[in-house]
Amino acid sequence: HFEGGAKEARRSAGQWRERFGLPERFFLASARFVPEKNLLRLLDAFAVYRRRAGPDAWDLVLLGDGALRPAIERRIGRGDLAGHVVLPGFRQYDELPAFYGVAEAFVHASTTEQWGLVVNEAMAAGLPVIVSERCGCVPDLVRDGENGFTFDPFEVEELAGLMQRIAAMTDEQRRALGEAG
């Protein structure tokens, strides 16, 4: 589902971007908007990344919804992130491959996570991943530098650095990470 759907979305990326209002280049995160998903810290790391990357910085798409949405919207509205974070809301299973297919990389920042099925989805879609070391899937799925990277979910600077590292790679390098996944 995710592999085939992502490949199809890449073939008509412009149409999908237009349909969902997606930026040209972006990191993707998909999670319930609850504290353990660590989305406010992800936004802080994204702000650091954007300051460092300058005008070539990618945007961020946060799929999902939940109780923290107002806090997330307030954080985005503070100025440094306005216009650079897209909140498409919760999406149905059949729509998800398109988001993965047109993203550049996937980020999962949870402070606690039994497994993290979204990481499987992202990897099946061929994306390089940046995954919190607190996710249960890390020992089985993520090989640092081979198919993605892991980080301490409480270290904003570390996550920002990994975002910068992935964004600085060539398309071929990112594609190789995604294929290794």
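Which residues in helix 3 meet which residues in helix 4? Leu39, Leu40, Leu43, Asp44 and Ala47 in helix 3 meet Ala71, Ile72, Arg75 and Ile76 in helix 4, where contact means heavy atoms within 4.5 Å.

Before going further, a word on what you're looking at. This is a predicted model, in which local features need pLDDT of at least 70 and side-chain atom pairs count only at pLDDT 80 or more, while totals for chains, interfaces and linings use all residues. Residues are numbered from 1 along each chain as its sequence is written, and side-chain values use heavy atoms, with hydrogens and water left out. Helices (H or I, at least four residues) and strands (E, at least two) are DSSP runs, numbered from the N terminus.

Two strands pair if DSSP finds at least two bridges between them.

Strand 2 (residues 59-63) pairs in the parallel sense with strand 3 over 3 bridges. Leu63 has Gly89 in strand 3 as its bridge partner, and Leu60 stands opposite Val85 in strand 3. Strand 2 also runs parallel to strand 1, joined to it by 5 bridges, with Phe26 opposite Asp59 in strand 2.

How well covered is strand 1? It is mostly covered, with 5 of its 5 residues buried; buried means under 20% relative accessible area, exposed over 50%, and partly exposed in between (1.4 Å probe, protein chains only). In a regular strand the side chains alternate between the two faces of the sheet. Here, Phe26, Leu28 and Ser30 point one way from strand 1, Phe27 and Ala29 the other way, and all are buried.

Two packed helices are described by the angle between their axes and the distance between the axes. Axes are lines fitted to C-alpha atoms, for helices over the stretch in contact, and angles run from 0 to 180 degrees between N-to-C directions.

| Helix pair | Axes come within | Crossing angle |
|---|---|---|
| Helix 3 and helix 8 | 8 Å | roughly 50 degrees |
| Helix 3 and helix 4 | 10 Å | roughly 15 degrees |

Angles under 35 degrees count as roughly parallel, over 145 as roughly antiparallel, 65 to 115 as roughly perpendicular and the rest as oblique. That makes helix 3 oblique to helix 8, while helix 3 and helix 4 are roughly parallel to each other. The crossing of helix 3 and helix 8 is right-handed, and so is that of helix 3 and helix 4. A crossing is left-handed if the near helix is turned anticlockwise from the far one by less than a right angle, and right-handed if clockwise.

Who's at the contact with helix 8? From helix 3 come Arg41, Leu42, Asp44, Ala45, Phe46, Val48, Tyr49 and Arg52, which meet Val156, Glu157, Leu159, Ala160, Gly161, Met163, Gln164 and Ala167 in helix 8. By class, these divide into 10 nonpolar, 2 polar and 4 charged. The contact of helix 3 with helix 4 has 7 nonpolar, no polar and 2 charged residues. Ala, Val, Leu, Ile, Met, Phe, Trp, Tyr, Cys and Pro count as nonpolar, Asp, Glu, Lys and Arg as charged, and the others, Gly among them, as polar.

Asn38 is in the loop between strand 1 and helix 3 and is buried, at 6% relative accessible area. Most residues other than glycine have a negative phi. Asn38 has a positive phi of about 65 degrees although it is not a glycine.

Thr111 lies in the loop between strand 4 and helix 6 (117-124). It counts as buried because its relative accessibility is 16%. Leaving out residues up to four places away in sequence, Thr111 touches Glu36, Asn38, Arg41, Arg134, Pro153 and Phe154.

His84 is found in the loop between helix 4 (69-77) and strand 3, and is partly exposed at 24% relative accessible area. Not counting residues up to four places away in sequence, His84 touches Phe46, Arg50, Asp59 and Leu60.
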